[in-house]
Amino acid sequence: MGFRKVEMIMENYKYFENVKKNGYFTDIPCQFCGSKEYCLDGVFFQRTDDIRSICINCFDKRKINVHIPEYIKKKVIANQKQKVDDLQYCPPVPWIQNNDWPVCCDDYMVFIGEWEQDEFCGHASDGDGELLLKEMLIDELKNNVESYDALWEDLGYETSAFIFKCPNCGKKVAICQDY
C-alpha cells in the first residue's frame, strides 16, 4: 500500500479567519508552483518584488510574506517579534492600505470578513444595522464620515466594511473602504 502526500490548506491564521471564505483570490496561477487553486492576489502583499500571485499552499510554506511597515510593527509592544511574524504570514486584507492592521489590547485584531447591511442588521441586538456600523467604525474614520446614511446606503456597492475582532476582549471594529 503506497502513501500519498496530501497538501493541507490552512483555513485559519492567527489574524485572519477562514481564508477560503474571506481571502481575495485571483485567476493568475501561482508564481511558485503553477497552481490555480486558492491563489492570493499579489498586489495586496505590497512588496517591491512585483509578486502577482501565490497559492495558499506556497504561502503556508512561507515562500513569501506580507510586507508590514515599521509603524505598524510598533503598534504592539508585548511579544512584538512573534506577533509581527504571525501577521506577516497572514493573507492580506484587500484595500486595507499599507496592511494597516487595527490593534486592541496590545495585539493585532483578527480579520473576520466583509459585512454588508444584512450582516450588520443580523448582529445588531435591536436589528439597527446602521447604528451598529456607527458604533463599530474605527475611531480614525469616524471624523471623516460626511453622512452615515450615505455610507450605509453605499455598503456593498462602492463601499466595503472589513470587520476585525480583538483576540483578547472580543471587541469588533469596522474599517470602511471605498473603491
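Which polar atom lies 3.4 Å from the backbone oxygen of Ile112? The notes below take up this point and others in a model that is predicted.

1. Asn22 and its surroundings. The atom in question belongs to the side chain of Asn22, one of whose polar atoms lies 3.4 Å from the backbone oxygen of Ile112. Asn22 is part of helix H1. With a relative accessibility of 14%, Asn22 counts as buried, since the limit for that class is under 20%. Beyond its neighbours within four places in sequence, Asn22 is in contact with Phe16 and Glu17, and also with Phe111, Ile112, Gly113 and Glu114.

2. Confidence. The average pLDDT of the protein is 89, and 93% of the residues reach at least 70. Where pLDDT is low, the predicted coordinates should not be read in detail.

3. The pair Phe16 and Phe111. The whole structure contains 12 aromatic pairs according to the search. In one of them, Phe16 and Phe111, the ring centres are 5.1 Å apart and the planes meet at 55°, so the pair is classed as tilted. Phe16 belongs to the segment before helix H1 (19–22) and Phe111 to strand S6 (residues 110–115); the pair thus links distant parts of the chain, 95 residues apart. Phe16 and Phe111 are both buried. Together with Trp101, Phe162 and Phe164, these two residues form one aromatic cluster. Phe16 and Phe111 are also among the contacts of Asn22.

4. The pair Phe25 and Tyr38. Here the geometry is edge-to-face, with 5.4 Å from centre to centre and 75° between the planes. Phe25 is in strand S1 (residues 25–26), whereas Tyr38 is in the loop between S1 and strand S2 (39–41), so the pair ties together parts 13 residues apart in sequence. Phe25 counts as partly exposed, at 27% relative accessibility. Tyr38 is likewise partly exposed, at 31% relative accessibility.

5. Pro29. The loop between S1 and S2 also holds Pro29. At 32% relative accessibility, Pro29 counts as partly exposed. Residues up to four places away in sequence aside, Pro29 touches Gly34, Ser35, Lys36, Cys39 and Ser53. Between Pro29 and Arg52 the C-alpha to C-alpha distance is 8.7 Å, with 23 residues separating them in sequence.

6. Most residues other than glycine have a negative phi. Which way does Asp50 go, positive or negative? Asp50 is not a glycine, yet has a positive phi of about 60°. Asp50 is located in the loop between S2 and strand S3 (53–55), and is exposed, with a relative accessible area of 59%. Arg62, also not a glycine, has a positive phi of about 60°. Arg62 is in the loop between helix H2 (56–60) and helix H3 (70–73), and with a relative accessible area of 42% is partly exposed.

7. Helix H6. How are the buried residues of H6 (residues 129–136) arranged around its axis? The buried set consists of Gly129, Glu130, Leu132, Leu133 and Met136. These residues cover an arc of only 160° around the axis, which puts them on the same side of H6. An α-helix has 3.6 residues a turn, so residues three or four places apart point the same way. The packing partners of the buried residues of H6 are S6, helix H5 (117–123), helix H8 (148–154), strand S7 (159–165) and strand S8 (172–178). At the start of H6, a side-chain oxygen of Asp128 comes to within 3.4 Å of the backbone nitrogen of Glu130.

8. Helix H4. The buried residues of H4 (residues 80–88) are Lys83, Val84, Asp86, Leu87 and Gln88. The elements against which they pack are H2, H3 and S5.

How values were computed
Residues are numbered from 1 along each chain as its sequence is written. This is a predicted model: local features need pLDDT of at least 70, side-chain atom pairs count only at pLDDT 80 or more; totals for chains, interfaces and linings use all residues. Side-chain values use heavy atoms; hydrogens and water are left out. Rings of Phe, Tyr and Trp (its six-membered ring) pair if their centres lie within 6.5 Å; planes under 30 degrees apart count as stacked, over 60 as edge-to-face and the rest as tilted. Helices (H or I, at least four residues) and strands (E, at least two) are DSSP runs, numbered from the N terminus. Buried means under 20% relative accessible area, exposed over 50%, partly exposed in between (1.4 Å probe, protein chains only). pLDDT is the predictor's confidence in each residue, from 0 to 100. The arc is that of the directions from the helix axis to the C-beta atoms. Contact means heavy atoms within 4.5 Å. A polar contact is a pair of N or O atoms within 3.5 Å; within protein, one must be able to donate a hydrogen and the other to accept it, and residues adjacent in sequence count only if both atoms are side-chain atoms.
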